[in-house]
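Hi everyone, thanks for coming. Let's take a quick look at this one together.

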Amino acid sequence: DLVNPTDNLISPLGVLGMTVDGGILKILPLRYADGVLVAAHSGLSTYFGDQPQEGDVIHAVNGQRVFSVETLRSELSNLKLAESIVLQVERDGILMLLVLESN
């Protein structure tokens with residue numbers, strides 16, 4: 001109920017995301033108090049490789065911090081066509097890098 005495609009779709013990654021806020025922080029203890037929680041998959045990603053999973057929190061794109069769904073969309077829209085990306089995500093309390101190549 002907290003996610004809808006109009007506000008939460010991050011189409012290049014094929015996911016629905018939620019901006020990390022106080023409510024999410026009460027449920028998920030995170031290393032950083034910001035980012036975008038991957039709530040669900042919503043179609044196909046325009047990238048291949050290590051895809052973010054439901055429950056992951058995206059903290060950065062190519063080294064640029066992500067604070068909200070809007071900043072994540074902005075960072076992805078600034079990429080050149082066919083540019084690879086590296087996502088810093090937190091999965092089950094572990095920070096990791098996911099490398100995605102453009103299709």
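Let's start with Arg65, which is partly exposed at 32% relative accessibility; buried means under 20% relative accessible area, exposed over 50%, and partly exposed in between, with a 1.4 Å probe and protein chains only. Before going on: this is a predicted model, where local features need pLDDT of at least 70, side-chain atom pairs count only at pLDDT 80 or more, and totals for chains, interfaces and linings use all residues. Residues are numbered from 1 along each chain as its sequence is written, and side-chain values use heavy atoms, leaving out hydrogens and water.

So what does Arg65 meet in a salt bridge? The side chain of Asp34, at 2.5 Å, N to O. A salt bridge here is a side-chain nitrogen of Lys or Arg within 4 Å of a carboxyl oxygen of Asp or Glu. Asp34 sits in the loop between helix H2 (22–27) and strand S3 (36–41), and Arg65 in strand S6 (residues 64–65), so the pair ties together parts 31 residues apart in sequence. Helices (H or I, at least four residues) and strands (E, at least two) are DSSP runs, numbered from the N terminus. Asp34 is buried, at 16% relative accessible area.

How many salt bridges does this rule give? The count is 2. In the pair of Asp56 and Arg91, the closest N and O atoms are 2.8 Å apart. Asp56 is in the loop between strand S4 (47–49) and strand S5 (57–61), with Arg91 in strand S7, 35 residues apart. Both Asp56 and Arg91 are buried.

Strand S7 (residues 85–91) also holds Val86, which is partly exposed at 31% relative accessibility.
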